[in-house]
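Reader: I am new to this structure and would like to learn how to read its features one at a time. Could you take me through a few of them?

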Amino acid sequence: MYRILRKEKLAPGIWLMKVMAPFVARRAMPGQFIILRVKEGGERIPLTIADYDRQEGWVTIIFQEVGLTTRLLAKLNEGDGILDFVGPLGRASELDGLKRVLCIGGGVGVAPLYPQVKYLWEKGTSVDVIVGARSKEYLILEKEIRGICNNLYITTDDGSYGRKGFVSDVLKELLDQGNVYDRVIAIGPLIMMKVVSEITKQYNVPTVVSMNPIMVDGTGMCGGCRVTVGGEVRYACVDGPDFDGHLVDFDEAMRRQRMYREEEQHICKLMEK
Ligand code: FES
């Protein structure tokens, strides 16, 4: 069992859990994920590593209650154990050798963005960050990110905090102002990553997106994370989760992401009974 050291509610339905997992922590890198199983007979789900400490041996995960397993996970408390916690998996993000990077996170996508910002900052890279949320109460990790970047821009859809609008509005402004970045990294809902990639393509800024939102079992076997990149079939959990945002077929990915929605809603209803 992997003991939960800390549990914290970051926003409605969004939880942080610090889990004791020394073997995972020892080799974890930004961009990688773990697969966990809450209990015997349960499904396996992939969750991106949000933070880790090699010395102390813990790994942090941040997740949103969206399906059966994340709801079961949210019911666990500090001191409880998670049955399986396997990783680190996936390819680590390639972050070395960059001089100036713009990191963009939307919603719970800010969680996997955080270790990348931290890694870049520790390497001496100049980092600007744009974070977007539905409203102030859904904004996560603001304090943590503010301390490890040059500039932090916040947007909320409803204008309850930061600037009213979308991350793409700020992105466009920064590029129009002549800011030059070696790379844009975008993690969040597929539609956000699609819009960001369309804008950066016009300005010729290399852009990396994380396709972790489409992963299902994370093992390379279910085929759920199939994505077309530059006309070729790729699997987010094996070949990614990072891909060139200018080459990803987002429309196809969004269609595929909707495929399991009915089944998930059905099982959540059964669970509520
Ligand atoms: Fe199942 Fe990638 S998540 S094959």
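Reader: Which residue takes a positive phi just after helix 5?

Author: In this predicted model, Gly178 is the residue in question, and its phi is about 95 degrees.

Reader: Which residues of helix 5 are buried, and where do they lie around the axis?

Author: A residue counts as buried if 20 or more other C-beta atoms lie within 10 Å of its own. In helix 5, which runs over residues 167–176, Val167, Ser168, Val170 and Leu171 are buried. Because these residues cover an arc of only 160 degrees around the axis, they are on the same side of helix 5.

Reader: Which residues does UniProt list for "binding site"?

Author: The UniProt record, an unreviewed entry, lists Ile62, Phe63 and Gln64 under that name. Phe63 is found in strand 5, residues 58–64, and Gln64 lies in strand 5 as well.

Reader: Is Phe63 buried or exposed, and why?

Author: Phe63 is buried, because 22 other C-beta atoms lie within 10 Å. Leaving aside residues up to four places away in sequence, Phe63 touches Trp15, Leu47, Thr70 and Leu73.

Reader: And how many other C-beta atoms lie within 10 Å of Gln64?

Author: There are 18, so Gln64 is partly exposed. With residues up to four places away in sequence again not counted, Gln64 touches Gly13, Ile14, Thr70 and Val108.

Key. Residues are numbered from 1 along each chain as its sequence is written. This is a predicted model: local features need pLDDT of at least 70, side-chain atom pairs count only at pLDDT 80 or more; totals for chains, interfaces and linings use all residues. UniProt positions are given in the numbering used here, feature names are shortened, and annotations may be inferred rather than shown by experiment. Helices (H or I, at least four residues) and strands (E, at least two) are DSSP runs, numbered from the N terminus. A residue is buried if 20 or more other C-beta atoms lie within 10 Å of its own, exposed if 12 or fewer, and partly exposed in between; C-beta atoms are placed from the backbone. Two residues are in contact if their C-beta atoms, placed from the backbone, lie within 7 Å. The arc is that of the directions from the helix axis to the C-beta atoms.
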